[in-house]
Amino acid sequence: MTLLNDDFLLTTPMAKKLFHDHAQKMPIIDYHCHLDPKEIYDNRNYDNITRIWVNDGNVGDHYKWRLMRANGVPEDLITGDGDDYDKFIAWAGTIEKSLGNPLYEWTHLELKRFFGINDVFNKQSAPAIWKQANEMLATDDFKPRNLIKRMNVKAVCTTDDPASDLKYHQLLKKEEADNGFKVLPAMRPDKALHLTDTTFGDYLDQLAGVSGVKIDSFKHLMAALRQRFEFFASIGGKLSDHGLNFFRFEKASDDELDDIIDRARNNKPLSTSDIDKYQTMLIENLMRLNKEFNWTMQFHMNVTRNANKPMFEKFGADGGFDSMGTQPDIAQEFMKLLIDMQTENEIPRTILYSLNPNDWMELATGMGDFQQDGVQKLQLGAAWWFNDTFDGMKRQLTIMAEQSLLPNFVGMLTDSRSFLSYPRHEYFRRVLCNVIGEWVERGQAPEDEDYLGQIVEDISYNNAYNQFKFFDKD
C-alpha cells in the first residue's frame, strides 16, 4: 500500500464516502493557532524549506525540535546558527526514525499537499526534496497568504496578549476582501495570571498604558481588561484562551486581592494560597467578561512548563521543554469554579482541554452538569498537543460522543506556528470519518450517508461557523 494514499486511515466503505464526499470539501476555521499576524501581513516568501518548516531564527516548531534532540541532533542544527541545509538533513534523519509518531504522517502529508512530493522523506531523498521545495517556495503561490487560501481557510484566530496594539490585525482587516479569509485576534491574558513572574509589575504598567486605566487595585485591573475586550471585539475578536497549568479554587475579597497585587508588583513573597486566590478571582471575572461580550472561552490545563530550566533560561518559552501535567485533582478544582459561577449564571460558552487525558472523563461528565441557555455551552476540546495523534483523536471523539453530543462538536484547530500545518485538519477529518465508519460496520450507526455526512460536515466546519459567528454572511 502506498504511503498516505487517497484512503489512508479510512478502513471502511462508509468512512471513505464520508471523507471524500463530505469532509474533504469543507472549508477550515482555524480558531486557535500561533501564527504571527505580521508574517501574514508582510506576505514574504521564505528563503528555504528549513525556514518555513523547522526553524526561522528562534521561531519554529517545537514538536520537531523535541524529536531532533531525541535523535541526538546538536542544538546548533535545531535552534542554533547551523546551516539551513544541514538542519534540513538532520530533520530528514530524524523523520526516518519517527515511524508511529504523528510527525511522520504530518510531514509526509505536508510535502504531498503543498509541494506535490510523494517520495518517502529520508536522508537519501532529502537533497532532491530540498531543491524542488525551494524552487517552489520562491514563487508567489508559496507566500503565506496563498498558502492559507490554498487550504480553503476562511478564518485564522491568532493568540494575542491583551496589551497588544493589534496593528497587523487592523491592517489585515482592510484587506479581507482581497485575501478571502479573516485574521482575527484571540485574547490570551496569561501574563496577567502569572503574578509570580518578576515582570508582573512591568506588565501591569504596560497594560495600564494601552488601556488608559491606572492599575493600583484588582478592580482597576479588571477595568483595564474590559477596555481590552472592547478593543479586541472592535477588530472581530470573539474568543479568549487561558493556560491553567495548575489550578486550585479559592475565593478572596477585593481587599485581599489588592494586597496580593501590591506584593506581587514589588516581588514580595506570596503564599500558595495567595496565588490560588488571585488566579481564581481573575478567572471568575474573565468568565463574566466573556459571557458579557458573548465570546467563547478556552481553557488549556494541566501542563508542566519549562521543565528543563537551563534550556529554558537559554532559549525561553516554547522551546520544546514542556510535558503533560500531573495535577490529579485539576478537573475537580475546575468543577468548583463552574459550580460557583453557575450560581450567578455567568458561565460563558467554554471549550475545555487538558494535556492529561486522565482528566477527559471528569471534564466531559462534569460539563454536562452546566449545559443550558439553548446551546451546547461546554465542550470537550479537540485532542491537544501530545494527544494530537491517531489514538488521541479517536479517544477524544469517543468520549465526546459517549458523554455528550458529538454532532455539536466544533472540531479541529492547528495550535501551530507553521503555515504548513493545515493538513492536520485533513488528518483529523479522516480519523473522524473512520470512527463513524467503524460504528456503521459494527451496527452502532445507521448506514445513512446523508445523515452521517451532515454530521461530518458540521463538525468539520459548520458548527464552528455557527458558534463563533465570524461572518456576517457568506
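Begin by selecting Thr 2, Leu 3, Leu 4, His 108, Leu 111, Lys 112, Ile 117, Asn 118 and Asp 119, which line the largest cavity. The model is a predicted one, in which local features need pLDDT of at least 70 and side-chain atom pairs count only at pLDDT 80 or more, while totals for chains, interfaces and linings use all residues. Residues are numbered from 1 along each chain as its sequence is written, and side-chain values use heavy atoms, with hydrogens and water left out.

On a 1 Å grid over the protein atoms alone, a cavity is a set of points where a 1.4 Å probe fits but cannot get out, and lining residues have an atom within 4 Å of a point. The largest cavity has a volume of about 60 Å³, a volume being the space filled by probe spheres set on the points, with grid points joined across faces, edges and corners. Its lining divides into four nonpolar, three polar and two charged residues; Ala, Val, Leu, Ile, Met, Phe, Trp, Tyr, Cys and Pro count as nonpolar, Asp, Glu, Lys and Arg as charged, and the others, Gly among them, as polar.

Next, show helix α6 (residues 102-115) with α20, whose axes come within 9 Å and cross at roughly 115°. Axes are lines fitted to C-alpha atoms, for helices over the stretch in contact, and angles run from 0 to 180 degrees between N-to-C directions. To see the contact (heavy atoms within 4.5 Å), select Glu 105, Trp 106, Leu 109, Glu 110, Arg 113 and Phe 114 of α6 together with Pro 423, Arg 424, Glu 426, Tyr 427 and Arg 430 of α20. By class, this contact has five nonpolar, no polar and six charged residues.

Then move to the second largest pocket, which holds about 360 Å³ of space; a pocket is an open set with protein on both sides within 12 Å along at least five of seven lines. Of its 17 lining residues, Ala 401, Leu 406, Trp 439, Gln 444 and Ala 445 are the closest to its centre. Helices α19 (390-403), α20 (423-441) and α21 are the elements that give two or more residues to this lining.

Finally, select α1 (residues 13-23) and α21 (residues 449-468), helices whose axes come within 9 Å and cross at roughly 55°. Met 14, Lys 17, Leu 18, Asp 21, His 22 and Ala 23 in α1 meet Glu 449, Leu 452, Gly 453, Val 456, Glu 457 and Ser 460 in α21.

Conventions:
Helices (H or I, at least four residues) and strands (E, at least two) are DSSP runs, numbered from the N terminus.
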